[in-house]
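Student: I would like to learn how to read a model like this one, feature by feature. Could you take me through it?

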Amino acid sequence: MKNIEAFTLAAPAKQPKRTAFTLAEVLITLGIIGVVAVLTMPALIT
């Protein structure tokens with residue numbers, strides 16, 4: 001049996017607090033929304 005205690009006693013790595021979105025994340029999100037809007041436009045017009 002493997003030593004499970006080595007995994008359970010290890011402290012989790014602390015990640016810095018995120019307070020805002022980066023510009024890249026906002027641009028990617030807007031791009032995805034734009035593509036979805038263009039693809040659904042023909043269905044909404046008819």
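This is a predicted model: local features need pLDDT of at least 70, side-chain atom pairs count only at pLDDT 80 or more; totals for chains, interfaces and linings use all residues.

Student: How many helices and strands does the chain have?

Tutor: Helices (H or I, at least four residues) and strands (E, at least two) are DSSP runs, numbered from the N terminus; here there are two helices and zero strands.

Student: Where does Phe21 lie, and why does Phe21 count as exposed?

Tutor: Buried means under 20% relative accessible area, exposed over 50%, and partly exposed in between, with a 1.4 Å probe and protein chains only. Phe21 sits in the loop between helix H1 (5-8) and helix H2 (23-45), and counts as exposed because its relative accessibility is 71%. Of the chain's 46 residues, 0% count as buried.

Conventions. Residues are numbered from 1 along each chain as its sequence is written. Side-chain values use heavy atoms; hydrogens and water are left out.
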